[in-house]
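Please open the model in your viewer and keep the selection panel at hand.

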Amino acid sequence: MLVTRLWSACTRATLLLAALAAGAASADTVSAQEPPDELLSDDRSPHSEITAGAEFRTVRAGQRITVALRVTLDPGWHTYWTNGGDAGLPMNAVWSLPDGIRVGALQFPTPSLMPEGPLMTYGYVGEVTYLADVTLPASLRAGEIVRLNAAADWLACAELCLPAAGDVSLSLRVIDGAAQHDTEWAPRIDAARAKLPLDASLWQTRGWTTSDGYVLALIVPEDAQRALMVPYFFPDSMSIVDHAQPQRVAWIGDTLLVSIARSPFADADAAQLSGLLAANVSGLAGVGRTGYRILASVDTTAAGSNSALASTARELLAAPSAQITGGVNNVLLQTSAAVAPESSQLGLAAALLFALVGGLILNLMPCVFPVLSVKVLGFLEHGGGDSRVGRRHGLVFATGVLATFWLLAGSLLLLRAGGESLGWGFQMQSPPVVALLALVMFALALNLSGVFEIGMSLTRLGGAGSGRSYTDSFATGALAVIVATPCTAPFMGAALGFALVQPPLASMLVFTALAVGLALPYVVFAAVPSLLRFLPRPGPWLETFKQALAFPLYATVVWLLWVFGQQKNMNALAVLMLGLTLFALGAWLWGRAAVRQRVTGRVIGALAMAGAVAVAVRGGSAPRVEADAVDAPPIVWETYSPARLAELRTEGRPVLLDFTAAWCLSCQVNERVALQSSAARRAFAELNVALVQADWTSRDADIAAVIASYGRSGIPLYVLYGSDPALPPELLPAVLTPGMVVDAVRRAAGAGAAGAD
C-alpha cells in the first residue's frame, strides 16, 4: 500500500531518475558521481534571495514600526511555515540591535499545502514576506541613525533541500516631526499583513478523541464561512497529528466538523489542538488567503468521546457526503458538504422546499448535465411533433427518476437501519458500479459521435417523442439519478441532512421532492406543447450538435476513471481502460457492419462489447492488491560516528551512509519509497549491508564538514561503500527508487568479492 501511495512522488522525478540511471548503468566499476553544480556553489542563499525593508523611511522616538524580511524563491523551490509538516524547518532570524530597541517574533503568513508523495508539508512557493514589530525607545534623539541588523537562515527545497542564509541591514533616521512612509516597502508590508492569520480565540470550539485521531467542532461566524468553504486545519505541532492523512470535513449549519488522524509517533492524546484554519489550496504563490488561529480543548475522556454530539460528528464525517481534503490523493467527493443547521430543527415543510429547489438546480451540476443533455437532444429530435407522445415520454422519464430515487433512498435507509455508516451516493463507493457506469457513459459518447447505432436503450437514451421506445426515456431518468448522487446542489445538502435523521416516511417524502425537482423541467417541456414549438426544427445542424454533446460525456468518463483509480489501483485502472478500448473496437465493428448490412460484423462487434463489459466487471470486482505487501526484514539504522564508520568498513561488508534530516522532504520520500521498500530491506539483509545514518536535523558542524568532504553542501546524500575497503565509495542519486538501491548494494557487494579474488 505504501508504494502505491508513493507513486506520485516517483513520477514527478522521472526525467531526473532516467538521467541518473543511465549514467549509473554505463559505469563498469563503482565510482563517485559528479555532484550537481548547485551543490558545489559557494552561494549562501541558493535558489533564493532575501531582502528587508521597513514601513517608514524616517521614525520618531518611542514609535512602533513593522519591518519585513522577504524571501524570493526560484520557480520549483519552496520554503516552510512554522510547522513544516512531515519535513522542513521555519525561517529563523537573529537580530543585532542597539540598546533599548525591542523586536517581536517573526509573523508567518498563512501557508499552502505542499503534498510530496506520501508526505504533506506546509509552506510557501514564489515569495514569502515575514513581518516583525520593532519598538523604538523614547530616549532616541532627532538626527540619530538607527541600524537594525539580522542574520537569517531558512531552507530552500525542491528535490534537494539546501540550507540558506543571508544578512540584512536597515538604517532609519530619527526625526522630531511626523514619520515618513517608505513608498516601496509600506505597500508590501500592508499586503503581507493581509496574509497573516486572524485571531479566532472567541470562536466556540470543542474537540474529542476518536479511535484514530481527533474530531474538532467549531462554530464559524458568517463572515468567515465563505473563506472556509473547503477548509484545512494546519496544526502547530509536528508530532501530534498525521499530516499525510486526509482530513475529512463537514458542515452542520454554521458548525464546522474536522476529523484529523493521530500521529503514529504521538506519545499520548493531546489535551489541546492549536493551529490555523484556512482554505485548502496547494502550492499557490503570492495568493492572499485568510487564515484563522484556532485553539481548541480536547476531551480525552471516554464520556466526552462517546457523547451524543461526538457520535453525530463521527457519523457525519464517515458518510460519503463529507469532503476529503488535503493529504495525498486528494478526493473531493462533493462540491459542497453542507448539511442542515441542526438538521432535526429544519422542519418537514422547509426540507421539502429545499429538496425541490435543490433538485431543480441539480440539473445544472457537472455530473448530471452531460446525461440530461441527451434528453434535450431528444426534445430537439421531436421538434414539436405530436404533443401527446411528448407528454408520455416526459412522464416516463419522471417515472424513471422517481423509481430510481426510491430504490436508492430505500436501500440507503435499510442499510443505515442495519448499522451501516452510509450517506447519499453510497453506490458510487462500489468499484464495479463505477466501472459499469464509465462503460455506459462511454457507450453513450460513442453513439453520439456517430461511431455506431444500436437499439439498446442505454445507447439510444433520450428518445423523447420518437415514439420508438419509452424504455429509452425511463432509462435516461434512471441514469440521471445514478450519476447525480455524487453532486450536491445548493439547498440539497440541507434537505439530505434532514432526511437522513428522520423516520422512513418523512425521509422518503424528502427524496421524492428531490426527484420531482430533478424531473420537473423535462416534464414541463414535454407537457406544454407551446414550449416545444419554440424549439428549433430538426435539420442538418442537429447532427453537429449531437456530436458536440459527446464531449461532456467523454469528460464524465475521465472523471469516473479517476474515481475508479482512487478506489482501486493503477493495474485495475489499466484493465478498465482496456475494457473501454475493447468496447470502442466492438462499437466500431458494429457501425461498419451496420452500414454494409453484414451480420457477421455485427456479431463480432457485439461479442467484443460483451467482452468489454466482462472485463470492466472483472476489473472492478478484483481485490485491491497493494504493492510491497510481502514481509521483509525490518530496517535498523546505526548512528553515525567517524569511529563506527571506520570500524564497519574493516568488517568487509557494504556500508550505506545516509545523511538525512527531519526537515529534508526528499530524504523522507526516499526513505519511504526506496530504503524502506521490501525489495531494499531484503537486499540489505541478504548482502549483510551495514546501515548508518547521520542526522542533520539540528545544526552540526561536524556533519556539515563530512558532507563537504564528499563535494556536497546539501542533502539528501547517500554514500555507499563496497565490501572492499580499498575501493572508493559510490554516491547514489538524490532521488532513489527501490530498484536503484538494490542494484547499487549488489554492485557494492560484488565489487568486494571481485577484489577478494
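A disulfide is here a pair of cysteine sulfur atoms within 2.5 Å. The model is a predicted one, and it holds one disulfide. Select cysteine 157 and cysteine 161, whose sulfur atoms are joined at an S to S distance of 1.8 Å. The torsion about their S-S bond is about 80°, so the disulfide is right-handed. Both cysteine 157 and cysteine 161 are buried.

Next, select tyrosine 122 together with tyrosine 232, two of the residues in an aromatic cluster formed by Trp81, Tyr122, Tyr232 and Phe234. The structure holds eleven aromatic pairs. Tyrosine 122 and tyrosine 232 make an edge-to-face pair, with 6.1 Å from centre to centre and 65° between the planes. Because tyrosine 122 belongs to strand β8 (residues 119-125) and tyrosine 232 to strand β15 (residues 231-235), this pair ties together parts that are 110 residues apart in sequence.

For two rings with a charge over them, select arginine 188, which lies over the face of tryptophan 185 at 4.9 Å from the ring centre, and then arginine 262, whose charged end sits over the ring of tyrosine 214, 5.5 Å from its centre.

Move on to strand β23 (residues 655-660), in which six of the six residues are buried, so that the strand is largely enclosed by the rest of the structure. In a regular strand the side chains alternate between the two faces of the sheet. In β23 both faces are covered, with Val655, Leu657 and Phe659 buried on one side and Leu656, Asp658 and Thr660 buried on the other. Show strand β24 (residues 690-695), which runs parallel to β23 and is joined to it by six bridges; leucine 657 has valine 692 as its bridge partner there. Then show strand β25 (residues 717-721), antiparallel to β23 and joined to it by five bridges, where leucine 720 is the bridge partner of leucine 656.

Finally, which residues have the most contacts inside the largest nonpolar core? They are Leu656, Phe659, Phe684, Tyr710 and Ile715, in a core of 51 residues. Helix α23 (residues 738-756) supplies the largest share of this core, seven residues. A second, separate core of 46 residues includes Ala52, Leu113, Leu162 and Ala164.

Notes. Residues are numbered from 1 along each chain as its sequence is written. This is a predicted model: local features need pLDDT of at least 70, side-chain atom pairs count only at pLDDT 80 or more; totals for chains, interfaces and linings use all residues. Side-chain values use heavy atoms; hydrogens and water are left out. Buried means under 20% relative accessible area, exposed over 50%, partly exposed in between (1.4 Å probe, protein chains only). A nonpolar core is a set of buried Ala, Val, Leu, Ile, Met, Phe, Trp, Tyr and Cys residues joined through side-chain atoms within 4.5 Å. Helices (H or I, at least four residues) and strands (E, at least two) are DSSP runs, numbered from the N terminus. Two strands pair if DSSP finds at least two bridges between them. Rings of Phe, Tyr and Trp (its six-membered ring) pair if their centres lie within 6.5 Å; planes under 30 degrees apart count as stacked, over 60 as edge-to-face and the rest as tilted. A charge sits over a ring if NZ of Lys or CZ of Arg is within 6 Å of the ring centre and within 35 degrees of the ring normal.
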